[in-house]
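Here is a friendly briefing to read alongside the model. Please have the sequence and the 3D view open as you go.

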Amino acid sequence: MKKRGIGIGSMFYGIGYGFSRQDIGAATVEICEDGSVIVRSGEVDYGQGSDTIFCQIIAEELGVDYAEIKLITADTLTTPNAGPTSASRVTYVTGKAMMKAATEVRETMREVAEEKLGMQDLMFANGQVFSMSHPEKNISFARLAKATHLAGRSVVATAWQDITTKDVDPETGQGDAYSTYAWASQIAVVEVDTETGKIEVLRVVAAHDVGKAINPKNVEAQIEGGVATGLGYALEEQILINKGIVQNTTLSEYMVPTSMDVPVIESHIVEVPALEGPYGAKGVGEPALIPTAPAILNAIANAVGVRVTALPANLENLHRLIREQENNNKDKS
Amino acid sequence: MQSFQFYSPNYLEDALKYIADRKQTCRTLAGGTDLIPMLKKEEIRPDYLLNINEVGELKGVEDLDNQVRIGATTTFTEMIESETLNRFFPLLVNAAASVGGPQIRNRGTIGGNVITNGPCADVLPGIVALDGQLELQSKQDGRRLVSVADVLVTAYETSIRSDELLTGILIQKPVQGTKSGFEKLGRRNAMAKARLNLSIALRQDPNGTISAVSIVPGAVMPVAVRMNDVESMLLGRKPTPVLIQAAADKLVEVVVNTAGIRWSSEYKVPVLKNIFKRVMWRVLAEDPQ
């Protein structure tokens, strides 16, 4: 028989390292004579999209086109150490360092522009620098870059963002362990085949507080990837070890979900600004997968009344739990 | 890295001559979905590799008078898309559709599924259930037909000679009113080996009596084999819950007696029973063709 159930999983998650562990992001922004921008940071994008976010932040701060930015990351010869890509910290910490470095060079360029245009209310947008009250008083960003170079002013800035927190009270464990927290709730709808133990996840709805979605599509992709990962964690992924040797070393033996296993995922972005993040943004990478397994396991309990307390909830494990429950019910009656 | 001579003839005659001269030192490449991983893992070290994909006579589904011939290098995708197979053998179409994913189905062949003779094969049990015959050809003896069930020795082993090539699978067209069912249980919905599968074909008299039945479970026995003891329980009887339950009990009894109790039996025995009962009832409820 196939039975359906609905379950909820909720979580909060500390962004960055917390507990007094050093946590510093860094970025260098350099304006070239032709108005193009070189950005350097030790932060590596391993697929989550931080390079996109960085370029968006620089483009926003300098009012230049996204395509004008050349980003160099994770090169120990040329990039400042920004700490690892982990702890869902990259946008929150290094994104803010990007913003600070860009602001610093922009303010130097603003001084040059104020001298050239004789105006104080200058705005940087669309590759132009112009007076908000007298838009006809303007200069292109590229010409201003050249002028700043010729004036011998600094066109390079490196900025650091330090979110290292105090440790908690060693006696009570109380205190502000993390700089900020991400919050999320997910709801899963599952169908359990009681005869085989097979679970089909039919739908996941995921609501995530990301502070500010600098790139909403990217946030959705992070949520979808997290849910797929959480689904694999809940239902199938398991490292099999025999006498210290891993038995399933290939992806044909270590089962991750395929596109045929991942259901429709409905993402809802919630924006409660984090004070220290760029534009209020905080991390979403790990938070996206944390509530998924609890939501699925709660949905299984809702469908068939058994509590899965050891992962994965694969065919054999779930079928055994269902049979144990049937036997218990028989004993009682 | 292995080195071997690679030969890719266009004509069957050339292929047969090639293996006749080389026998065990030669391996045959059809879809390669089993062979290539075996080569990469160095589980096999052939001196010669015969590619049969360019031999036209081995490809495609033919509607003959009272039988259907499926060429050995017909891919699972081609099986799924074949009008003839959809009309006469939906069991094989469903089984082919359950294999791996689109890329594997585009490469993997029915002949390869037979020759590899893996215990978790998806299509081979269906061929056994339909009493398929293998068309084998060799330079020495020409063409001979053998029942598929007769060549499956044990897992990954057949009695097909090393100078013989499997060129096609022949299946008698079903008698009017034949119905069939297939179910596969995998760890995920694609790219998964069968934990279990089940192929059933049967026919009922107008009054409901089961007049023909063929049952082949997969991934529980060393090789795909018809469950004669279960079939004889059902033959000549009208299906009732008591009868189907007794047949399910008999089925797992046969499986346990043949394959023994393994670590997986705790799961597979009750689940095979459940799957048998539900596929049986589904097929019984279906209108005949």
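Arg40(A) stands opposite Ile72(A) in strand 4 of chain A. From strand 3 of chain A, the chain passes through helix 1 (residues 50-62) of chain A to strand 4 of chain A, a β-α-β crossover that is right-handed. This is a predicted model, in which local features need pLDDT of at least 70 and side-chain atom pairs count only at pLDDT 80 or more, while totals for chains, interfaces and linings use all residues. Residues are numbered from 1 along each chain as its sequence is written, and chains are lettered from A and ligands numbered from 1 in the order in which they are written.

**Strands of chain A**

- Helices (H or I, at least four residues) and strands (E, at least two) are DSSP runs, numbered from the N terminus.
- Strand 3 of chain A pairs with strand 4 (residues 69-73) of chain A in the parallel sense, over 5 bridges; pairing requires at least two DSSP bridges between the strands.
- "Right-handed" for the crossover means that, with the strands pointing away from the viewer, the path from the first strand over the helix to the second runs clockwise.
- With strand 2 (residues 24-31) of chain A, strand 3 of chain A pairs in the antiparallel sense over 4 bridges, and Glu30(A) has Ile38(A) as its bridge partner in strand 3 of chain A.
- These two strands form a hairpin with 5 residues between them, and Gly35(A) in the turn has a positive phi of about 90°.
- Strand 3 (residues 37-41) of chain A is largely enclosed by the rest of the structure, because 4 of its 5 residues are buried (20 or more other C-beta atoms within 10 Å of the residue's own, with C-beta atoms placed from the backbone).

**Where chain A meets chain B**

- In chain A, 13 residues are in contact with 12 residues of chain B (C-beta atoms, placed from the backbone, within 7 Å).
- Helix 6 (residues 315-332) of chain A gives the most to the side of chain A that touches chain B, with 3 residues.

**Domains of chain B**

- The domain assignment, automatic or from a database, gives chain B domain 1 (5-51), domain 2 (59-172) and domain 3 (179-285).
- The C-alpha centres of domain 2 of chain B and domain 3 of chain B lie 21 Å apart, and their contact takes 22 residues from domain 2 and 21 residues from domain 3.
- Helix 5 (90-97), helix 8 (124-129) and strand 8 (152-154) of chain B each supply at least two residues of the side of domain 2 that touches domain 3.
- Helix 8 of chain B provides the largest share of that side, 5 residues.

Notes
Contact = placed C-beta atoms within 7 Å. Buried ≥ 20, exposed ≤ 12 C-beta atoms within 10 Å, placed from the backbone.
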